[in-house]
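Here's a quick briefing on how two chains meet in a model. Have a look at the sequence and structure before reading on.

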Amino acid sequence: MMAKNIALLLTLIALAAPLPVRAEMAVIVNKDNPLKAMNKADLSLIYFGKKKMFESGDVIVPIDTAPDKPARQDFFANILRKDEESYRLYWVRMIFSGKGQPPLAFKTEEEAVRFVASNKGGIAFVDSSQITGDVKMLHILENE
Amino acid sequence: MNPFKTILSLTAAVFLCSLQNAAAIDLSKVTLNGYIDLEYTVADYGDTPNQNNGAFHQHHLSFLLDIPVNEQVSAYTHIEFDHGANTSVKNGGDIIVENAFIRYLVCDEVQLRFGKALTPFGYYNEIHDSTPAFISVFIPRTIYRVDERGGKPMFPKWNTGINVLGTVAMKATELDYVLYVGNGENATGTGSPATNEAEADDNKNKAYGARVNLQPNDHTQFGLSYFNGEKATGTLTIVNVPHSTMGVLFTTNTSSFNLLAEYAQSDVNGIKDVGAYGQVTYFLSKKFTPYYRYEYTDPNDHISTDTWTEQIIGLNIKPVNNLIFKIEASNNHRERNYTPAVPHADFNELRMAVALYF
């Protein structure tokens with residue numbers, strides 16, 4: 001009986017405990033950016049320094065952020081399809097061949113959101129729970 | 001005037017000007033990158049002039065400045081202090097402007113570069129001396145330093161002129177291109193043509209070329225490079241002769257391996273150099289990356305049995321980010337008609353290097 005009570009208690013505790021909230025990775029741009037959606041290939045090009053302008057003509061300022069956050073891991077796995085080390089080595093090569101600089105890196109997602117809110121060309125990937133009314137979330141499309 | 005003094009004076013002048021025009025550039029947007037390396041080589045040949053057998057060699061100290069002037073225009077320069085530069089002594093190294101160009105972003109498909117740039121040829125030339133950007137101690141001498149293999153350079157290291165470059169994306173396929181035109185390797189008058197590596201020419205024949213890289217997916221890349229120009233030859237009387245080079249590249253990645261292979265053929269006035277290499281890199285862990293490379297060079301198709309092959313097996317160790325230790329063993333074999341300019345027969349080298357980049 002004692003064992004059954006303990007089991008019941010543990011079950012109740014497990015059910016009552018809040019499940020870890022796993023928000024989705026979201027790509028955000030400035031509210032004034034007319035863009036509503038972007039496909040994965042274009043996003044990848046931006047973060048590899050090969051797409052530098054939005055269709056509106058604004059120069060893109062990509063933001064890298066929060067190395068330990070799930071949103072970044074999602075972005076690397078599903079959009080860039082590179083691991084951290086390969087991505088870093090790619091940019092070493094780009095820097096030393098004069099092809100540009102890697103995305104600006106912020107330590108927190110809050111900083112990234114603030115930057116995008118105040119820069120028309122800004123684009124960043126953050127946890128969707130971090131999105132404020134000052135930025136716009138893009139729909140991410142599969143490649144055609 | 002001593003070059004160091006000249007550079008110091010120029011630096012001071014730029015600094016003073018920047019104080020007076022502080023609003024001209026947002027200094028927080030200027031990026032400084034660079035690297036320092038130290039090499040040590042031991043070989044089974046004796047001491048000879050200009051060889052580094054058994055000597056430490058502070059090879060590169062480089063500073064790269066990326067200066068955005070506005071959203072679409074920036075300046076980029078790479079200044080290198082080469083071979084422990086001390087220009088006041090014999091063989092005391094050099095101070096080299098590796099890159100100095102203006103970048104103008106017109107659109108994704110068209111960017112312009114004006115100035116001096118490392119010639120966009122193959123996989124390695126644009127990172128020619130940037131030791132942190134490649135895995136081995138040196139870039140492949142075949143193709144990129146054929147002059148150290150008894151041949152003539154396949155293309156000038158630099159091109160001073162205009163580059164047009166960009167990326168064209170079609171679904172998951174990317175195509176990167178560079179077209180360039182600049183000073184040729186031709187010259188008039190007398191003197192050594194070695195002083196003219198596309199820095200100045202006789203204005204009659206410009207050098208031009210192109211490189212196209214096609215990436216059909218995330219893992220594979222095909223490349224094609226072409227250079228065409230006239231090359232000044234001779235020592236007392238300079239003669240300009242036709243020079244063209246074609247190169248192909250293939251690279252593919254898995255999560256564990258990278259395979260990189262290149263082939264190039266150069267034709268200087270009917271004499272052909274051929275170079276090729278294959279390189280395999282194994283991503284053992286984040287800290288340890290072993291590699292193997294096989295290089296083949298035929299420096300002159302008019303001479304039989306003059307080929308030079310090199311096998312390199314090496315290891316990269318990255319104990320922390322931005323610091324790389326390299327160690328490699330190299331076996332060099334030359335056929336009996338190797339060029340007399342090369343002082344040794346077959347030999348082996350053990351090379352070590354440490355490179356820090358920022």
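## Where chains A and B meet

In this predicted model, 37 residues of chain B are in contact with 21 residues of chain A, contact being heavy atoms within 4.5 Å. Between them, chain B and chain A bury about 2,700 Å², with 51% of it on carbon and sulfur atoms; that's the accessible area (1.4 Å probe) the two parts lose on being put together, summed over both.

**Who's involved on the chain B side**

- A:Lys50 and B:Glu174 form a salt bridge through their side chains, at 2.9 Å from N to O.

**A spot within chain B**
- B:Asn186 sits in the loop between β8 and β9 of chain B, where strands are DSSP runs (E, at least two residues) numbered from the N terminus.
- B:Asn186 counts as buried because its relative accessibility is 0%, the cut-off being under 20% relative accessible area (1.4 Å probe, protein chains only).
- B:Asn186 and B:Asn228 are 42 residues apart in sequence and 12 Å apart in space, C-alpha to C-alpha.

**Ground rules**
- Residues are numbered from 1 along each chain as its sequence is written, and chains are lettered from A in the order in which they are written.
- Local features need pLDDT of at least 70, side-chain atom pairs count only at pLDDT 80 or more, and totals for chains, interfaces and linings use all residues, while side-chain values use heavy atoms, leaving out hydrogens and water.

Notes. A salt bridge is a side-chain nitrogen of Lys or Arg within 4 Å of a carboxyl oxygen of Asp or Glu. Helices (H or I, at least four residues) and strands (E, at least two) are DSSP runs, numbered from the N terminus. Buried means under 20% relative accessible area, exposed over 50%, partly exposed in between (1.4 Å probe, protein chains only).
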